[in-house]
Amino acid sequence: MLFRSLESVSIGSSVANIYGDAFGRCNKLRNIEVDIDNKTYSSANRVLLSKDGKKLILGVNGDVVIPSGVTSVEASAFYYCNELASVAIPGTVTSIGSSAFYECDKLTSVTIPDSVASIGMYAFYCSGITDVTIGGSVKVIGDAAFNSCNSLTNVSMRGDAPNLGSSVFPGYWSNDKCMVRLPQGNTTYTVTDGKWQGMTVAYYTPEDLPIAGDVYKITFRNMFAIDQIWECSAGSALGPLPTPEHEGWIFRGWFDSNNVEATAATIMPNADLYLTALWEQESSPDPDPDPDPDPETTKYNVAFHPAGR
């Protein structure tokens, strides 16, 4: 099915068969809802699930948090979701099906939790990912799972060397810019001339990578409102960031210490992080406007704190 302007889908109670790529290339699709009386399907967090909630059958675009309890991301679930900006995969998922994230070219970073045992062929083929962390329980990665990910520069392996299909990584042939981080002292990887699968090897100790399941507190500070405090698992996408409003001021976004704008797709907490909210005062036609804290452009801090601190 190809309805590129489609934004939302409602599945009726009598629908019994929907194929994995049914809404492929529907780049504006942001929401799927299922009638509660449907005997085959259900929905949560805007995605289509099996009735028992264990299989994710169809995904959507935007920032997606896969519901906890899902055990498999089915084949072609996010097929050609070209506007998928971020995806948080919970620790209940054990398998990622073939072509699950095929050509999701806006997806830039993925953390595959330690619960996942298998990644299907072409799972992330031709996606936009630059950074991927592959969990310690992954035993099998299918053919070309990460091939044609031409922006991929960093691969982190948390466990033993998995069984690989053919041409799994772009570095297998020519992508010399890609680095793979392997566990220090792990002898299951065959490293030749400082490379594994065509990628330059670096080593890490376990404490160098975040532990899946660690929770960080995110405090959003805004002088115009009460602080907001969120929680996010290490390595998971935070999802849409707050968009505060205040009369007479324009919110310009969140920026890190290097003055780089942070978006939902870039925020995957694994350490303390400080962001600044940038505000710009609107021009006022009132010759005698009420005074504000600072007539110039003002910045406010956002502090990310690990749990327990």
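Biologist: Why is Ser50 called buried?

Modeller: Buried means under 20% relative accessible area, with exposed over 50% and partly exposed in between (1.4 Å probe, protein chains only). Ser50 has 10% relative accessibility, so Ser50 counts as buried. Bear in mind that this is a predicted model, where local features need pLDDT of at least 70, side-chain atom pairs count only at pLDDT 80 or more, and totals for chains, interfaces and linings use all residues. Residues are numbered from 1 along each chain as its sequence is written, and side-chain values use heavy atoms, leaving out hydrogens and water.

Biologist: What makes the approach of Ser50 to the backbone nitrogen of Lys54 a polar contact?

Modeller: A polar contact is a pair of N or O atoms within 3.5 Å; within protein, one must be able to donate a hydrogen and the other to accept it, and residues adjacent in sequence count only if both atoms are side-chain atoms. Here a polar atom of the Ser50 side chain lies 3.3 Å from that nitrogen.

Biologist: Which residues does Ser50 touch?

Modeller: Contact means heavy atoms within 4.5 Å. Not counting residues up to four places away in sequence, Ser50 touches Thr40, Tyr41, Ser42, Lys55 and Ile57.

Biologist: And what does Ile134 touch?

Modeller: With that same exclusion of residues up to four places away in sequence, its contacts include Ile112, Phe146 and Phe169. Ile134 is also among the residues that touch the most other members of the largest nonpolar core, which has 59 residues. Such a core is a set of buried Ala, Val, Leu, Ile, Met, Phe, Trp, Tyr and Cys residues joined through side-chain atoms within 4.5 Å.
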